Amino acid sequence: GSVSAMVQVPTIPPHERYPGRPKSGRIIVIAPTRAACETIEIGVRLEGVDTVLQREHGDDIRRLAASGRGFGIVAGTGTGKTLAIRPIAQEIVGTSLRTGVINREREATPETPTWNVVIVTTGIARRWYQDALITAEDTVVVDEIHQTSAELELCLALGKRAGCRFIWLSATVDPRFYSEYLESAEVIESSAFDPARAATVKVVDAKPLQFLNERYIRKVVKQKRGVAVFVPTRAATEEIASTVGEQWEGISTTFYHGGEPIVKLRPYLEGDAPHPYLLSMTAAGQSALNIQGLDTVIIEDAQFTTVVRRGKGVLTRLPLGANEILQMAGRVHGRVEGGEVYILSERQIEFETLTPTEPNFQLAGDPERVAMTCADIGVRADALDLPVPLDRIAYRRALEMLETRGLIQGNRLTEYGRSVEVLPVDRPWGELLVQADEHLIPIVAICASIESLHRMTRADRYIQPYIVVGSDHLTAYNLYRDALHKCGSLGAVYGLPRHVFEEAALAEWGEERGVLVRSVEDAALAVASMYRGLELPLPATLPGLNDRLIKEWQRLLARVMPFDVVIDQETSWGEEVRVSQTSVCGDWGVVTGELRYFSDRFGRTRGSIEGTQIPHDLIWEYATMSEAELVYDPGQRRAPLRLRTTRTYHGFDLESEEVGVDQFPAGMEETARAALAEAMAAGSAYHRASRENRTVFRELREVYRRSGGQTREMNESALAEHFRERLASVGSYSEFMDMDLTLDANEWVPAEERQRWMALPSTVQIRGEEYPLDYHVEEEVGIVRARIPEKALWELEETDVPVLDRALHWTVLRGKREAIRATSLEEAKELASRPRAELRREGRLSEETPLRGKRPERSGKRRGPPSAKGHGSGGDGERRPGGGGRGPRKGGESESRGNRRRHRGRDKRKRG
């Protein structure tokens, strides 16, 4: 219930302040949204409501609830699924139910331990699991489990770790996954479908506004129908409502999406909306909202959903799945007389054959949240039984980043990490709140509470007076500040301080500026929660921005830099990222903010960013100089041994400075010798022995292969170690150049033994044809491969295979396609008959080229070492000594990042 007086407590109550739980037991109900929490609370308090689920499965529900085992309920719209929580709770904790809600809006109070039914959002539940406030003694009820999110999926994994009993409820979904994952004893399936009220379902190839033509609207008006149009975007809902409303006075039109307050749908939810009406809405509300008087559903076959690709959540436009279509159509199909369902799609959809499927999980796209959660409870990610496999590479990168930022050490949160993690915001904003000076906290808190300027405003917006050029964050802050100044004040909700707004004034203010009212109201909730987490009083007014505050904001971002950074539309790893079209930041320069990914119309992943531009002088001020390193740069022929230092900023190399070295610097002698040894081994060193060593190296490597690994191993690392030992006494580059570094093949393998191995045949004769042989050592066992064209493969039989001194394998050349490697003729034929895509997935293809024999030695003299283009590439596809480096670098001793980008652009144009 509500709290009569303000209670200054943290969002998550510590053990000592809220010990224990009711002796009769406790039920934790996890809801997907704050609005769902309120709905569940009302449902749990209602008595004697007759529902389809109660009539058909009431006895089974009570039996399973009293059994102590977990179970699931899959029930369609209108069956009374949420209302079933009350009889479940009564069977488990008794008939006297004491219910309360805890979320960002309504926090825990000293009364919380007396509640035996506690309704929480996924974020609160996840935090309670981390703090061990939910244990095996609790029964966990998950409502709308099909509405997946990273937070909910983490809650499921943490609940399994804690040993909780799960009771889960879902709308249209394939229950098999949840039944197995949560070890459910049974799954109760129910539907309010009445065959006598089956709707007429038609699939039409048209866009929504094309379908809503004059002929169809006349039918709606004449029959006084209630129509719901489900489309994937906010802009589409507004366009449909405004277009139909302007052309037809006889029909009531309204739109609803995630940025609108739910209060505008009250007439439709309570059955007071006059017929005919047309309600356009996104799919976000179709599962939870029970619209009265609805008899027609129009569904655009499209959705924007997050697809996890390589650890990144990519917003992708996809056709609707079976679950979504069945849920939307279920608003009228089998529930009302004369129901109609229209699916606007290019696909041939057989509605009668659609069956529920598993949901699309999100957890794999949030490795940072998993890393922070695991560090807080002291477990490894692979110790959690996650509902979806986590991208291990993305998880490792997130863990390394958090360790670098000082949030995690030794797989546990540091003191700084705990102070950031406990705040009710994402990690980047938590870092800014912890490190900001007190006078900047209002700005940080407001910016953190607004998801983005793009989501705060409509496409048609008038916000010029509020724009802070180069900062979406501060522009959003200005909008919230103005709304508070003109339409709001400091008040209290549920006894807790919050910025409250006059409803009509705020709606008018938002309409004039194209600002979504719900974004302002949600921001007020978030700000109040942040201030309570920081244990600071919520300010009644907010400071106005001036040049000094803007500069301090930029300095705070440059110093802490918790976000992604893009410089000149490029990330530090070379990925092209564009500044969002709705951003007030410029395209060039340094932009920091949240990097979002989306899929373009060709299916390619693209990145966009909005945030704040940081002046170059601040980036330069907080950049760090790397420790000097010695490198061998073949591009500097006169002084290739270089001492290099780099100025870096969060992965970007801003500037490199280097100088030629002759005498090895004190303390760096071993590093210098290692660099020279590796250059000699790679063949890129400007030394008189390099060309002669190349021939010796190739021979010794071939001897090692032909011997099946019996001779001393010869590869680049072994050769580098050999030169490192010979350079042990060298103290300068001049001494290195004067030293005799010629390779003596006899020191590695005696001449007689080399001759014996090199005398082995280089070709094999099969059916009168000569085919080249390649010797290899695989897993310390010597093999030989015969290279044959594919057309010869089908003519060979096992009786044609000659007997050699070792296992004979096969390389099948297939023209321009990749070659196939096999251990036998039978396997080679089987692989050659399989599709290329299947072989690629199994890693059975080779990059061999269709050469008939060994590449002949190059004749003639060459001036200097080979260029970088040929460096490390031999006829057999392996690295070899004798390769050279880059040509002389433009710009002399140092080269700025900007110059390097121009040179890359020039090279791309040449290649293009």
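What follows is a walk through selected salt bridges.

The model is predicted, so local features need pLDDT of at least 70 and side-chain atom pairs count only at pLDDT 80 or more, while totals for chains, interfaces and linings use all residues. Residues are numbered from 1 along each chain as its sequence is written, and side-chain values use heavy atoms, with hydrogens and water left out.

Across the whole structure, the search finds 54 salt bridges, a salt bridge being a side-chain nitrogen of Lys or Arg within 4 Å of a carboxyl oxygen of Asp or Glu. One of them joins Glu-41 to Arg-45, with an N to O distance of 3.1 Å. These two residues are about one helical turn apart because they lie four residues from each other in helix 1 (residues 34–45); helices are DSSP runs of H or I with at least four residues, strands are runs of E with at least two, and both are numbered from the N terminus. Glu-41 is buried at 6% relative accessibility, whereas Arg-45 is partly exposed at 46%. Buried means under 20% relative accessible area, exposed over 50%, and partly exposed in between (1.4 Å probe, protein chains only).

A second bridge connects Glu-421 and Arg-369, whose closest N and O atoms are 3.5 Å apart. This pair links distant parts of the chain, 52 residues apart: Glu-421 is in helix 14 (residues 415–421) and Arg-369 in helix 12 (residues 367–377). Both Glu-421 and Arg-369 are buried. They also belong to a network of salt bridges with Arg-126, Arg-127 and Glu-151.
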